[in-house]
Amino acid sequence: MTDRYSLLILPGDGIGPEVMAEVVKVIDWFQAHRGMAFDVSHDLVGGAAYDAHGAPLSDATMARAQAVDAVLLGAVGGPKYDALDFSLKPERGLLRLRKEMDLFANLRPAQCFEALADFSSLKREIVAGLDLLIVRELTSGIYFGEPRGIHSDDNNPDNEGGRVGINTQRYTSGEIRRVARSAFELARKRGNRVCSMEKANVMESGILWREEVTWVHQNEYPDVELSHMYADNGAMQLVRNPRQFDVIVTDNLFGDILSDAAAMLTGSLGMLPSASLGAPMANGRPKALYEPVHGSAPDIAGKALANPIACILSFAMALRYSFGELAAADALEAAVERVLSDGVRTADLMGPEGGHPVSTAEMGDKIIAALEA
Ligand code: NAD
């Protein structure tokens with residue numbers, strides 16, 4: 001019997017619904033032509049949910065997200081919602097999903113398609129063929145650690161201004177081990193190499209990080225190649241020779257910075273997918289949310305200019321990491337590669353030489369045509 005995969009689609013705001021419409025075409029194609037069976041439901045998040053329910057994510061939507069195999073999200077936000085109270089802002093809907101689903105591993109691939117190598121800020125010969133994956137710890141570390149805050153420092157006469165700002169880097173061994181396991185599991189599905197990055201030279205939390213990653217490696221994943229690197233050197237290596245990496249695992253703060261740097265190696269924001277994974281559910285699949293890295297792009301919303309590839313590649317990640325459909329994921333990524341090498345471009349991918357950009361829907365159709373071929 002065919003496995004059935006349940007998917008909750010949350011298109012969100014701005015270009016979210018436009019790019020998600022192309023993903024729905026791709027899902028329909030896999031159902032019609034590859035015998036896959038998806039139970040797809042649609043719901044609201046962000047400003048769209050606020051308009052309908054007065055909250056950026058309703059309790060009913062949250063419960064639905066907890067019950068499915070994977071959530072696919074477009075983007076949230078827009079100028080219409082800028083004046084809302086912090087707790088009602090569209091982004092709170094996304095943060096609630098990440099928090100309540102306990103999505104502790106954020107996956108950001110940086111893959112350089114041959115046809116777009118000239119879009120990178122680095123030389124073609126450094127980035128062509130690049131394919132690395134950054135696994136960032138997402139629910140702990142310095143963004144969440146206590147104590148935190150801005151306090152008066154009145155008793156310190158040497159402190160001009162009289163205030164002190166505090167954040168705390170704090171990791172438990174359990175938090176490190178679970179994200180390390182995610183990285184080793186992912187490496188087994190790719191190039192089988194993990195590089196762990198921290199600052200064990202100057203931070204105790206970095207020493208613990210290195211010890212715990214090593215423990216998980218020795219006890220559970222000795223077949224995967226593990227190396228360690230200080231995160232500052234990692235930043236340098238990412239721009240010097242990024243192709244040396246397969247999977248990089250790092251903490252919340254370093255991962256935030258390193259994944260943005262890695263993103264720029266590949267060119268346009270409209271190309272970048274992401275996934276956030278949590279603990280395995282009863283059926284063995286991890287809790288999962290897939291979304292493009294870009295936002296709701298209000299400047300181009302409603303103009304058929306949005307590039308749907310980041311969202312389509314996010315679905316390819318769902319095929320790979322939630323459903324284990326590796327051949328389907330490879331086929332979809334190859335279809336994107338094919339369309340790009342045929343010179344098909346949305347407006348964001350036009351070089352200085354110009355040309356005729358295709359619309360959001362035309363890009364989706366071309367990718368489907370490449371799947372057919
Ligand atoms: P953005 O990513 O929406 O847009 C940045 C620039 O990139 C814009 O010029 C936009 O036109 C372009 N761009 C983005 N995605 C594109 C695509 N698929 N195709 C072609 N061009 C694309 O970031 P922003 O302008 O800083 O933020 C806009 C809104 O999105 C804000 O409300 C922000 O809070 C929100 N936002 C949401 C998310 C999310 O939902 N995960 C992420 C970032 C920003």
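From which domains does the lining of the second largest pocket draw at least three residues each? In this predicted model, domain 1 (1–117 + 267–373) and domain 2 (121–131 + 141–250) each contribute at least three residues to that lining. The second largest pocket has a volume of about 310 Å³ and is lined by 14 residues. Those that lie nearest its centre are Ser-182, Glu-185, Gly-278, Pro-280 and Pro-286. Two elements, α6 (173–188) and β11 (273–280), each supply at least two lining residues, and α6 accounts for the largest share, namely five residues. Classified by residue type, the lining of this second largest pocket comprises seven nonpolar, three polar and four charged residues.

The largest pocket has a volume of about 760 Å³. Its lining consists of 28 residues, and Leu-94, Leu-95, Arg-98, Arg-136 and Leu-138 are the ones nearest its centre. Two or more lining residues come from each of the strands β3 (70–75), β4 (105–111) and β12 (286–292) and the helices α4 (90–100) and α9 (252–264). Of the elements, α4 gives the most to the lining of the largest pocket, with seven residues. Nonpolar and charged residues number ten each in this lining, and eight residues are polar.

Rolling a probe the size of a water molecule over the atoms shows where empty space is left. Two cavities of 30 Å³ or more are present in the structure.

The largest cavity has a volume of about 80 Å³. It is lined by Pro-109, Gln-111, Cys-112, Phe-113, Leu-116, Thr-266, Met-271, Leu-272, Pro-273 and Leu-313. By class, eight of these residues are nonpolar and two are polar, while no charged residue takes part in the lining. One of the lining residues of the largest cavity is Cys-112; its relative accessibility of 5% lies under the 20% limit, and Cys-112 therefore counts as buried.

The second largest cavity has a volume of about 40 Å³. Its lining is formed by Gln-169, Tyr-171, Glu-198, Lys-199, Ser-205, Gly-206, Trp-209, Asp-251 and Phe-254. Helix α7 (residues 204–220) is the element that gives the most to this lining, with three residues. The lining of the second largest cavity divides into three nonpolar, three polar and three charged residues.

With a pair of cysteine sulfur atoms required to lie within 2.5 Å, the count of disulfides in the model comes to zero.

Key
Residues numbered from 1 in each chain as written. Predicted model: local features only at pLDDT ≥ 70, side-chain atom pairs only at ≥ 80, totals over all residues. Heavy atoms only, no water. 1 Å grid on protein atoms, 1.4 Å probe; cavity = no way out; pocket = protein on both sides within 12 Å on 5 of 7 lines; lining within 4 Å. Points joined across faces, edges and corners; volume = space filled by probe spheres on them. Helix = DSSP H or I, 4+ residues; strand = E, 2+ residues; numbered from the N terminus. Nonpolar A, V, L, I, M, F, W, Y, C, P; charged D, E, K, R; others polar. Domains from an automatic or database assignment. Buried < 20%, exposed > 50% of the residue type's maximum accessible area, 1.4 Å probe, protein only.
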